[in-house]
Each structure stands twice: as C-alpha cells, then as structure tokens.
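Hi,

Here is the structure I promised to pass on. Have a look at it first, then read my notes below.

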Amino acid sequence: MRISRRTAVVGAAVITAALALTGCGAGGGSGGSENVSGKVEGQVTFQTWNLKANFKDYFEGVIADFEKKYPDAKVKWIDQPAEGYAEKLSADAAGGTLPDVVNVSPDLAYPLAKAGLALDLQKAAGKYRGEYLDGAWRSQEMPGMPGVYAFPWYLNTGPMFYNKELFRRAGLDPEKPPKTYGELFRDAVSMAKKSGRKTAMLAGTPAVEDFGRYGVRLMNAQGTEFTFNEPKGVELLKHYKELYAAGALDSQALTANAESAGRKFQQESVAMNPGGALDLQKFKKEAPSLYRHIGITDTVNNTGKANMYVQGLMVNAQSGVKPAAVAFAHFVTDKKNQMAFAKKVTIFPSTKGSLDDPYFTKEDGTDATRVRVASAASLKTAVNYTPVLLSDQMKTVLRNAVARAVQGKQSPRAALDGAVAECNRLLKTG
C-alpha cells in the first residue's frame, strides 16, 4: 500500500456542505472543552480508512495493548472503505455521530476543524509535539486557524529515478543528478541539444507541488487566497516554456499522467521520473537495460525540503471520552507503534528518531530497501506542499493554465493570474 492524499472525489466540499446544512459550520476552531487531563476511561470509537482488510492483526494488537495499559478504557474499531469515505465523514459530522478518533488527511480534517469538530491538539496535547517530526506536526495546521488538529500518523514520499546512461550520453555526470531547479533546467536543455531533441529530461509539466518546491508562496498566511502567481511562480513557468521549446520536455508532456510518464521513462525516452519500489521491480522484469542504469535521487527542490504525504488521527472535539480519545490517538501514533506499522507496509513513521533506525538507513541489496532508504532520508525535513484548500477542480484550473503558458498560447503571467483568480473564486463559492 502506498499512500497519497487520497482525497475523495467530492472530499472536503461534501463535509463543508453537510455541516452548513446542519448549522455546524458556523464554528471555527476547536469545539467543546480542551481539558483532557481526566481519567482515561470509557469506550473510544476509532475509525480507520480502508485498513482492516490487510492489517487486522496489527490494529487488534495495538488496541489490546492500549486496553492493557488503561484497564478502564475500551476501543471499538470501525474501518470504512476508501470509496465514499468523505461522504461517510460528512454524514457522521452532520448527524452528530462522528467517532472519537478518526483517520483523516489534512484536506478532510480542515472542514471538521473549521466547524469546531476537531480538537486543537496544540492546546489539548501540545506536550507531545516534541515526539513528532516538525514538518509532520505542522502538516496538521489549518489555514487561517491557530492550532493543530490531528496527531501526525504515517507518511510517504517518493524519490526520483534517473537514467544514468542517458546522462552519460548527454555529457552529464551520471553520479551528480540535478538537485535544484536551476541545475535541472541547465541539464535538461543540454540533454535535449546533445540528443538532437530525441531525449527529454521530463515527461510532464509542473504541478502545484513543483511550485512549492521551487519556493513559490502558494497561499497567503490567512489561508484566504491563492498566491502562486507571484513573481517566482511566473519565473518557474517561464522556465518550463523554455524547456518545452527546446525539446527538453517530452512532446506529450501537456497531456501526460503518472502512468504515461512512467511508460516514457521505461522506454528510455525521458531521463527522470518519480517512482517507488514496485516500479523498480517492474523495470527489472520488463526493462532490464534501464534497470542496469537506474539511479535514485531526491526530488528536485529549491527549498531543501522534499514533498510529504501525510495521514493523521483527529480527535472529535465533542467526544464524551476526550481523555481516553487523546490517549489512544497518541498511543497509535507513538514511536513504537508507528515503527511496527512501517515494517508491515511501505509507509514511514512521523515520529522523531524513527527514520534513523537501521531499517530505514541500511541497504540489503533489494529494490524495496534501496527506495526505502532514499525516501526515509528525505522525509526528515519534508513538508506537505499541497495546500489543504486546493480542490481537484482547482488543480485542473492550474494544469490548464500551465499548458496554455508552456505552449505559448498565453503569457506565464496572464495564465497564472487567470488561474489564481478562478481558484480564489472557487474558494469563496465552495
């Protein structure tokens, strides 16, 4: 299992609409009392997101350990399928039946926090902050709201694969892949020229994460407006327009998706592409010539920080067993239990020090370990670049604007100005 943001089709918008209809949406910040210093007792309802089928024994073991530690507390575990998860949260929130501890991604936590249904753990459980990676803790902050609204749970990221042979043919050092965008743009143009425009560096155009990694401020501090049309955003898009003109982007980059980009890399027509352990295994079987020359590096960035995908455990602010709910959410996400979970599935702990474990630092020659070690190293300082409020519809707006600018149909400035205006309109009407 590889995690991503896993945003449902209607996602946070469904929850927000349901809360508004029931009058719950007028809150803002944590609802109910934040006093969680009472006795750990009572029944805690715990909801996960499509995890029971593969990890039943693990979670039942964690629950048994918790109940042994706190004999007066019991945990009722509920697991919901991935399909319709946002709608289920919406119905529970509107009906007052939200579980005590809920597995959420930041985009799903936001409307619940805004409605006062997510406990502010910065206030209620701030003593635990030092146990988690700073980027993971901060990923649970919500735009325009003080506080942190979920315990960070499991993380993921992806390294960048590159073809050392294509680098070598272009006169580039195969042991020194680009680390910054400046190096990427330079090497990409060089590769296109050297190959007579037959080999592109990349198979796709920039997504919102690229703007973040470039150093673009994506939203204002209040979380009320998108700002990716600032000068650095325009600058990034100008560079991609130049790459496209030079043949340094694949000819189908404007319509590429992850699958098609992966095929281009496997066919050795592009030199760099993100991926994971399963991709390496596929290359070994289906593209042995590529596999022999594969390199693994961090995703290019100007910030020194990789992109992080994160899940969290939110505590219902209206729970009648808050001390037990907070204790259980912390227990599931503590160092011991996160480490045990990471050894069962391809995810990474959000707890400090865990990524220094030999499991994440020592290679044993297998493909899975090569990728695991590379990913773990980048996660120590990683951040979640994707704004919590950026919907799938807004991503499409940005993608279309990027395509127009890269093709020269619109200037980078005009394209981004238009995209920001439309995303801000959607933000206000959503």
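Let's start with helix 14, where the buried residues are Lys322, Pro323, Ala324, Ala325, Val326, Ala327, Phe328, Ala329, His330, Phe331 and Val332. "Buried" means under 20% relative accessible area, with exposed being over 50% and partly exposed in between (1.4 Å probe, protein chains only). Helices here are DSSP runs of H or I with at least four residues, strands are E runs of at least two, and both are numbered from the N terminus. Eleven of the eleven residues of helix 14 (residues 322-332) are buried, so this helix is largely enclosed by the rest of the structure.

Before you go further: this is a predicted model, where local features need pLDDT of at least 70 and side-chain atom pairs count only at pLDDT 80 or more, while totals for chains, interfaces and linings use all residues. Residues are numbered from 1 along each chain as its sequence is written, and side-chain values use heavy atoms, with hydrogens and water left out.

pLDDT is the predictor's confidence in each residue, from 0 to 100. The chain has a mean of 90, and 92% of its residues reach 70 or more. Over residues 1-11, though, pLDDT is below 50, and it stays under 50 over residues 17-27 too. Where pLDDT is low, the predicted coordinates should not be read in detail.

Now the whole chain. There are 19 helices and ten strands, and 55% of the 430 residues count as buried. The C-alpha atoms fill a box of roughly 70 × 50 × 35 Å, taken along the principal axes.

Helix 4 (residues 106-114) is mostly covered as well, with eight of its nine residues buried. Among them are Pro106, Asp107, Leu108 and Tyr110. After helix 4 comes Gly116, which has a positive phi, near 85 degrees.

Finally, what lines the second largest pocket? There are 27 lining residues, and Arg138, Glu141, Val383, Asn384 and Tyr385 lie nearest its centre. Helix 6 (134-138) and strand 4 (141-142) are the elements that give two or more residues to this lining, and helix 6 gives the most, with three. A pocket is an open set of points on a 1 Å grid over the protein atoms alone, where a 1.4 Å probe fits, with protein on both sides within 12 Å along at least five of seven lines; lining residues have an atom within 4 Å of a point.

Cheers

Note on methods. Contact = heavy atoms within 4.5 Å.
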